Amino acid sequence: MTANPYPLGLRLHGRRVVVVGGGTVATRRVPALLDAGADVLLVAPELTPALRAQVDAGRLHWVPRRFEPEDLDGAWLVQVAIDDPMAAASVSAVAAERRIFCIRADDRTAATAWTPAVTRHGPVTVAVLGGGDPRRAMTVRDAIRDLLAVRLGSDRTASTRGRPGSSAGATGGTDVVGATGTAGAGGATGAASATGAASATGAGSAGGGRRAGRVVLVGAGPGDPELITVKGWRLLTEADVVVADRLVPGLLLDELRPDVELVDASKIPYGPSRAQEEINQILVDRALAGAVVVRLKGGDPYVFGRGGEELLACAAAGVPVTVVPGVTSSIAAPAAAGIPVTHRGVAHEFTVVSGHLAPDSPASLVRWDALAGLHGTLVILMGLKNLAAITATLIAHGRPPQTPAAVVQEATTGTQRVLRSTLGEVAADLLAADLRPPAVVVVGDVVGTLDG
Ligand SMILES: C[S@@+](CC[C@H](N)C(=O)[O-])C[C@H]1O[C@@H](n2cnc3c(N)ncnc32)[C@H](O)[C@@H]1O
């Protein structure tokens, strides 16, 4: 007889947790460990780009080789995230010898600890164990999450909770698509119908028994996992495939079902345009094979997110698309730093602009000289590298150097940093403060408006 597990809430802050493996399982598990404040040591010869970004940002330690027993020195917990059963067994044998609890992605029956299905609501965490059956745990977790989300009303019904592939899942999906702007299978009309009444309902119910695939472009918000929209979250829970950008909040991935295929879009090789073609192809291929594909993007999919290109590629292939807008960093990052992008009597307009090209670049589409003549708020994304040239251009064309300016790095996350300065000084201050992307630069009198 198997005894019941004993539930615990581990307080891992500052405590060493060793993660063995650097693939997609580790990519999904590490964010929750970091969120718990664990001192994570990752042991793996290679890492996904998402994990690499965590290492580069100094959030965890990486030992770039295979596991050795001394890696467990000082550890409180081990997560084995490799699919080689022999190697996994040898890690768990060392853990058992040292009385360290060991979670095993490859074999739950051999593990000494299980990770529950989790739903988080502010300070409340609900963790569900399904008696060794992760699907059962997810189903119960989803039901609890729905109960906790009573504010959401009748739109968020149990019908949308069915497993993708089941008839309940297909019904829920079709219902969602019908209620949302979609790009129909009409090719050229795809972009227009993305805002209109054309629906993929027909495509969703076509084919009799076989469920039709589709793509959902979901804005994941700026960084705080709670800033995804209700609709975006619901559709994410219905996904068979999730194609995620590097900037999406890692905790959202932690809550996916284990059978969801996670494609790390930042891992796709080639230059930006070839990589985008690859992503488009993945979206189309998976959807045509019948999958519900969620393309999860940081912020809003249509704000410097290439969402439009993906919608057009899907429409051209006859794949229905739902677009779920997201909370864009261009507004949320200033807000998180206490800066409203407009304020009565201070700024009656705000302009969002990309600074990824220098003002004198022949490829730039931005009229920096014209922007310098505006009185309102300027929000610059992807502008750190060119900030000295951008600020100099704005000043040269008339924007006063004493105009207040701010930089907000990693807004809405636990590592948010804010620099306050002026247009004339901000580029130098940025270097001195060693701020890094992702960051938003705000220029205008709204910076400081709410300061006491
Ligand atoms: C490719 S753009 C994508 C923007 C995204 N679609 C949006 O609506 O927020 C990436 C840029 O967004 C900004 N950004 C995204 N997330 C951010 C965050 N949490 N804090 C500050 N800036 C952020 C940075 O300027 C970053 O270089």
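In this predicted model, V19 stands opposite L42 of strand β2. The chain passes from strand β1 to β2 by way of helix α1 (residues 24-35), and this β-α-β crossover is right-handed. Strands β1 (residues 16-20) and β2 run parallel and are joined by five bridges.

Strand β2, which spans residues 39-43, is mostly covered, with four of its five residues buried. β2 also pairs with strand β3 (residues 61-63), again in the parallel sense. Three bridges connect β2 and β3, and L41 stands opposite H61 of β3. Together with helix α2 (residues 49-56), the strands β2 and β3 form a right-handed β-α-β unit.

| Strand pair | Sense | Bridges | Opposite residues |
|---|---|---|---|
| β1 and β2 | parallel | five bridges | V19 and L42 |
| β2 and β3 | parallel | three bridges | L41 and H61 |

Helix α1 contains 12 residues, and the distance from its first C-alpha to its last is 18 Å. This span is close to the 16 Å expected at 1.5 Å a residue. After α1 comes G37, whose phi is positive, near 80°.

The buried residues of α1 are A26, T27, R28, V30, P31, A32, L33 and L34. In an α-helix there are 3.6 residues a turn, so residues three or four places apart point the same way. The buried residues of α1 pack against the strands β1 and β2 and against helix α2. Their other partners are β6 (117-121), α9 (250-254) and β11 (261-264).

Terms used. Residues numbered from 1 in each chain as written. Predicted model: local features only at pLDDT ≥ 70, side-chain atom pairs only at ≥ 80, totals over all residues. Heavy atoms only, no water. Buried < 20%, exposed > 50% of the residue type's maximum accessible area, 1.4 Å probe, protein only. Helix = DSSP H or I, 4+ residues; strand = E, 2+ residues; numbered from the N terminus. Pairing = 2+ DSSP bridges. Right-handed = clockwise from strand over helix to strand, strands pointing away. Expected span 1.5 Å × (residues − 1). Contact = heavy atoms within 4.5 Å.
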